[in-house]
Amino acid sequence: MKTTQQLERQLKRHSKAAKLEIWGKVVSFSALLLIVAVVVGIIGFVASKGIATFTSNHVSLWDFLTEKKWNPGITDANGKPEVGALPMIVGSFLITILSAVVATPFAIGTAVFMNEISPNKGAKILQPVTELLVGIPSVVYGFIGLSVVVPATRAIFGGSGFGILSGTCVLFVMILPTVTSMSVDALRSVPRYYREASLALGATQWQTIYKVVLRAATPGLMTAVVFGMARAFGEALAVQMVIGNAALMPGSLVDPAATLTSVLTTGIGNTVMGSLQNNALWSLALVLLLMSLVFNLIIRLIGRKGRLQ
Amino acid sequence: MFVSNDVSNTETMQERHIVQPRDAQHPIVLSTEELHVFYGKKEAIYEGDLQFARNQITALIGPSGSGKSTYLRSLNRMNDRIATVTGRIMYRGVDINQPAIDVYEMRRRVGMVFQRPNPFAKSIYDNIAFALRLRGTTDKHELDEIVETSLKQAALWNQVKDDLNKSALALSGGQAQRLCIARAIAVKPDILLLDEPASALDPVSTSQLEDTLLELKKQYTIIIVTHNMQQAGRISEYTAFFNQGRVLEYDTTSHIFTNPQVQITSDYVSGNFG
Amino acid sequence: MNPKTQNKIAIGTLYGVAGLVVLILLALLGYILVSGLPQLSWHFLTAPAKAFLAGGGVGVQLYNSFYLLLLAMLISFPIALGAAIYLYEYARDNWVTTTIRTAIEILSSLPSVVVGLFGFLFFVVKLRLGFSILSGAFALTFFNLPLLTRSIEDSLRTIDLSQREGGLALGLSRWETITRVILPAAVPSILTGVILSAGRVFGEAAALIYTAGQSAPALDFTDWNPFNISSPLNPMRPAETLAVHIWKINSEGIMPDAKAISSGSSAVLVLAILLFNFAARYLGKRLYKRLTSA
């Protein structure tokens, strides 16, 4: 019986492996916690700065969202500061929706071509090109917009060439590769036998694509488009370079305008921390952050609905 | 107890027939007592108490889904994270199914070889040596010797002795499985659990593997899950028949195959199952 | 219209759409390379920038881009590795894990300008790091973490479960199994992910303009004492990168040859990204072969 006790002692000894296991868990979990802390930190800081406009500077939230005059340094006839963010909010939404509307048919069309009609050419030419373009830095898109799109707009429509239209063109090209490659993934996840079943029933290739493949891939395609919109909404520099940076309600698509991101990039360096001008900019950043959460939520809802089907 | 009428030898057939090994030369080293395994709320094993004799080969047979692999994996607590195992697993008098037991120390005594060969993406030498190095064996000479003995015991030495630094992923299926056995015995376990080790191998490799196991039982206690009844018949001293989470019959292999006491066992070993 | 004609028209249209997209994308690439490549010269790649005169280079910016990339990777890789290991190897499927995953997803969807502004607020102002390489490296880390974590998690997923069981059955802890068996086997795929994320970090500008700053003080490439202000290694100096440079000279345009410099810089950025892409594929394949070859 002595040996049994000895064995039991040996088996109950806390081995080096057990110690390493705890150490590993602690280390890797700390890394994870750090990331969570960053997320909480970013949201917390931006939110606390962003609501200062309303809490310490007593600007009304309603005025902020609906007024059209953005001049945080100036007070109007009633002694209220002019912090109407509507022009930027409209600018951001307009440019996002327009570029998504233009990009969606192109992206999905190309994805269908790559995956359904000519997988060979798709894999050889389109796949590598789109993958490469997904990685092209946004300032490069902005620079090309500045040197090609803006002069072209100017030549056709007159004016300065800066504005929503130029911004839309730049964002369209910028989100096109992203939306395309995500759409390809969505189409690829449709099982092969869906197509075979449809073709076997005598449907044409187009009928199969339109009625079976696209329908089955709808949640994935929607996710791709919303993802593209989120990217367009949050893009700063490429848009800022071609939109003209005038914080006014856009009268037409070729008038200089502004987005949340463009005002932020140009303004934050020129204001004093803690001043109303500065706080108002942080409120714009907060709107931007909230919108990115909304996009995130939409993508989740689509994903959940897709799973339920 | 319900036995259908059209069975001719109704009188002699029992529902369960368990004979635990009793052999003074081969004392019991491992046994389970009131072992139950649950996956979530679903009970996978509810009647499966067995005792295993030292330096013998015990085969666990039964249809797929009968719980034999689940049972085997519970023995060295490989199921800890995916299942709840209650009851006692007595290893040489110590219950190793209690929280205080250091599973890592325990698994060095109760080793395991899996269905699909799983050599690590390392050299053949390192596959065997690296676990030893982690536990403090750093002497090059000593390591060389253990690698050589383990490979010899697993009957792989002659084929790989000039290629010890080559990647183990380049070995054939049979060689890879024998490397896994060499890797398992290099840490000098007491008991070796094998989960259908030959199911991914061709007949020649399978028969070589069986020879190896017969050789290994001189030093180790071997428990093997197999779906191949001929294999169980060829190599094992004892056989347990599992069905739907229960051990229906446990006896010496010759009894199970020549004179089964339970109808389902009889159907299964004669190939009339289902 | 009968289905056959409809089919023909539809397929024809799709050919047209795809062709147009290829045209746009190739025109884009072509424009960058055609207008940019002629600007490239040894002088352009190494000389310092000139503020008001033509003929400056992007040497300092190019160096800054690489230095920032290196620092950002050095900070973010261990964190992303740890996080990915916990998420894939340890985390159980419960609400805590779900919440953490959501948080990481949110971080990856935040506009980079918001990440940059937070970096400005926290590192530049609160921690008084000023416009510096260090502030920039932290901002880039935040920007990079979620993507790198996901890519490493995907790499871990490619290693078969049986490898983990093999380690455990030898009496190794899960941590030892991960660090000694799983990670070495996953190195080719992890490396590919790291290089691809490096490409993204290399071209990022919005997160940097208010963290690493928009000025590139001249560097003395003979002085490698990190505490000297003109030393290339000094992490506390402001450091405009190539991507920020393109934005800066186009927004403020005081150089006579801003366009030529932007073209050249864009070509350098795109070439670098191309290089990262090829390197990722090549090294990944090469390492994998080495791991599995006899």
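**View 1. An aromatic cluster: A:Phe45, C:Phe118, C:Phe122, C:Phe123, C:Phe138 and C:Phe142 are linked by ring pairs.** The model is predicted: local features need pLDDT of at least 70, side-chain atom pairs count only at pLDDT 80 or more, and totals for chains, interfaces and linings use all residues. Residues are numbered from 1 along each chain as its sequence is written, chains are lettered from A and ligands numbered from 1 in the order in which they are written, and side-chain values use heavy atoms, without hydrogens and water. Rings of Phe, Tyr and Trp (its six-membered ring) pair if their centres lie within 6.5 Å; planes under 30 degrees apart are stacked, over 60 edge-to-face, and the rest tilted.

**View 2. The stacked pair C:Phe123 and C:Phe138.** The whole structure holds 28 aromatic pairs over all chains. In this one, C:Phe123 and C:Phe138 lie 4.6 Å centre to centre, with 15° between the planes. The pair links distant parts of the chain: C:Phe123 belongs to helix 5 (residues 112-126) of chain C and C:Phe138 to helix 6 (residues 133-157) of chain C, 15 residues apart. Helices (H or I, at least four residues) and strands (E, at least two) are DSSP runs, numbered from the N terminus. C:Phe123 counts as buried because its relative accessibility is 5%. C:Phe138, at 24%, counts as partly exposed. Buried means under 20% relative accessible area, exposed over 50%, and partly exposed in between (1.4 Å probe, protein chains only).

**View 3. The edge-to-face pair C:Phe202 and C:Phe276.** The ring centres of C:Phe202 and C:Phe276 are 5.6 Å apart and their planes stand at 70°, so the pair is edge-to-face. C:Phe202 sits in helix 8 (residues 174-203) of chain C; C:Phe276 sits in helix 10 (residues 258-292) of chain C, 74 residues apart. Both C:Phe202 and C:Phe276 are buried.

**View 4. Charges over rings in chain B: B:Arg183 and B:Lys122.** The charged end of B:Arg183 is 4.0 Å from the ring centre of B:Phe120. B:Lys122 lies over the face of B:Phe130, 4.8 Å from the ring centre. The criterion: NZ of Lys or CZ of Arg within 6 Å of the ring centre and within 35 degrees of the ring normal.

**View 5. Antiparallel pairing around strand 6 (residues 84-91) of chain B.** Strand 2 (residues 28-39) of chain B pairs with strand 6 over seven bridges. Two strands pair if DSSP finds at least two bridges between them. B:Val37 stands opposite B:Val85. Strand 6 of chain B also pairs antiparallel with strand 7 (residues 94-95) of chain B, over two bridges. There, B:Tyr91 has B:Val94 as its bridge partner. Two residues lie between the strands of this hairpin, where B:Arg92 takes a positive phi near 45°.
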